[in-house]
Amino acid sequence: MQEPAVKKTLYWCPVCNLPLIGKKCRCGAQGVGIALQKPYDVRPALRHDMALLRALLRDRFGTDRLPQVVLFNKIGGVDRAESVIAGGVVVGRLTYDPASRTYTFDLSQDALPFLLPSITKGIVDITEAAEKQGMNQGRIGGKNVRVGTTALADGPVVVKMGALAGVGTLREGKVKVKQIGRVDPLDPAGVPDPSWTETGKANAKHLKNLERTAVRFIRQHMHDRPRANVSFSGGKDSTVVLELARRAGVEEAYYVDTGLEFPETVAFVKECGIETVLHGRDFWSELNHYGLPRKDDRWCCERLKLQPVKDWLAQSGPCVTVQGNRWYESFSRSTLPPVIENPFNPRQLNISPIRNWRALEVFLYLWWRQVPYNPLYEEGFERVGCWLCPAMLESEAGRTRDLHPDLMARWDKHLRAWAKKERIPLRGVELGVWRWQEPPPKMRELAAQCGITLPKKRQKR
């Protein structure tokens, strides 16, 4: 299947020290390319994310030095996994381990010029140990060095060997050296530290072009059916689309309340003045009939979201619906055409004006236009759909427990009953194996590491 024309490179201004939507900065400097990893979606690290990164740095390395502008590039992993970008380089990798329910921030070699002068702990000097084991500086990268007992707990470390510095992982008395070399420290006073507001201003020309193109696209198709509306979910993408559609002249918008929405989302929808609120079936009644919703059996979407819209349009008539789908969200959406008749509801013609926007463009646009957005993004959520959605990561489920323990308590009761019926240890529920009818290899491997044997095949409804 042919890939869409996604942006696989992020450009960074070496003068202003900020990310660019285009290849050239407003200051005139040519951007330096940073290769992204699939799915190539890059987004800002917001308030809770920044606090998390700083806490991990302080705990492990004794510093919390980070610039104001930090980006995440979502990458593959068992649960949450992010490539962390700052200062025009990939500074590390943030991962969440659902088994221990802990985060790890592994530094990259490129992070050391900025961070090394302020690092006060988490350092392992392997000079003497490497010499005793016959290892020389030129071939130390990728090697395991026995260092014996240290005061450090296992995890990421900064490695020193003579005049060289690098990064590695300490595990059971051995340091695996990932990369090492000479590091020329950067003087923080000589490096610009722009805010996100300044970043938006630097990209204003490109944001204006994105807006102009999207508004023109909406106007081109808004009269393809007798009326036009916006499908509003309360998420960042539909918030941008609502702003663009209103600029194009589309005023009507609807929201589907599944009954499983975060309280913050419900309040935000009211603030946005969405007058048409549709309601789906009662989830808890449907749960007794269909069983747990899964990633590979999301019956809940049809019953709680799609069907209410179909019923509504059966009364109100055909329409053009402006939606916030983007290529970068998932592989299935990467083949999304700009205009398509809804296969579940032929009365609805869906148009996607921001299908080629990354999350970076979405947030920059919201800030540039000073459009309020769902506060859950600042609380550490990447997605703000139903609070028990099987597509949610375990890291996000943990955050939901922090913010809304009362909601999760009801769901956890159902999950415990399911585990008992399926004869799966409660530990399996904690790992999130319930999210699939057929858990993928990565989840089966994780369960096996935790001493849990999963059924070879699950019964589908």
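Trainee: Which residue in E8 stands opposite aspartate 97?
Mentor: This is a predicted model: local features need pLDDT of at least 70, side-chain atom pairs count only at pLDDT 80 or more, and totals for chains, interfaces and linings use all residues. Residues are numbered from 1 along each chain as its sequence is written, and side-chain values use heavy atoms, without hydrogens and water. Strands (E, at least two residues) and helices (H or I, at least four) are DSSP runs numbered from the N terminus, and E7 pairs with strand E8 (residues 102-107) in the antiparallel sense over six bridges. In E8, the residue opposite aspartate 97 is threonine 102.

Trainee: In the hairpin of E7 and E8, which residue takes a positive phi?
Mentor: Four residues lie between the two strands of this hairpin. The residue with a positive phi, near 55 degrees, is arginine 101.

Trainee: Which residue in the turn between E6 and E7 has a positive phi?
Mentor: Strand E6 (residues 81-86) runs antiparallel to strand E7 (residues 89-97), joined by six bridges; two strands pair if DSSP finds at least two. Isoleucine 85 faces valine 90 in E7. The hairpin has two residues between its strands, and the turn residue with a positive phi, about 60 degrees, is glycine 87.

Trainee: Which are the edge strands of the open six-stranded sheet?
Mentor: The order of this sheet is E16-E15-E14-E17-E19-E18, with mixed pairing. Each edge strand pairs on one side only, and the two are strand E16 (276-279) and strand E18 (339-341).

Trainee: What is the bridge partner of cysteine 319 in E19?
Mentor: Strand E17 (residues 319-322) and strand E19 (residues 348-351) pair in the parallel sense, over four bridges. In E19, the partner of cysteine 319 is glutamine 348.

Trainee: What angle does the direction of helix H5 make with that of E19?
Mentor: Helix H5 (residues 204-221) packs on the sheet and touches E17, E18 and E19, where contact means heavy atoms within 4.5 Å. Axes are lines fitted to C-alpha atoms, for helices over the stretch in contact, and angles between N-to-C directions run from 0 to 180 degrees. For H5 and E19, the angle is about 160 degrees.

Trainee: Is H11 oblique or perpendicular to H12, and why?
Mentor: Helix H11 (residues 394-403) packs against helix H12 (residues 405-422) with axes 6 Å apart, at about 120 degrees. Angles under 35 degrees count as roughly parallel, over 145 as roughly antiparallel, 65 to 115 as roughly perpendicular and the rest as oblique. The angle therefore makes H11, relative to H12, oblique.

Trainee: How many charged residues are in the contact of H11 with H12?
Mentor: From H11, Ala397, Thr400, Arg401, Asp402 and Leu403 meet Pro405, Met408 and Asp412 of H12. Ala, Val, Leu, Ile, Met, Phe, Trp, Tyr, Cys and Pro count as nonpolar, Asp, Glu, Lys and Arg as charged, and the others, Gly among them, as polar. By class, the contact has four nonpolar residues and one polar, and its charged residues number three.

Trainee: Which elements give two or more residues to the lining of the largest cavity?
Mentor: A cavity is a set of points on a 1 Å grid over the protein atoms alone where a 1.4 Å probe fits but cannot get out, and lining residues have an atom within 4 Å of a point. Of the 13 residues lining the largest cavity, those closest to its centre are Ala397, Arg401, Met408, Trp434 and Arg435. By class, the lining has ten nonpolar, no polar and three charged residues. The elements giving two or more residues are H11 and H12.

How values were computed: 1 Å grid on protein atoms, 1.4 Å probe; cavity = no way out; pocket = protein on both sides within 12 Å on 5 of 7 lines; lining within 4 Å.
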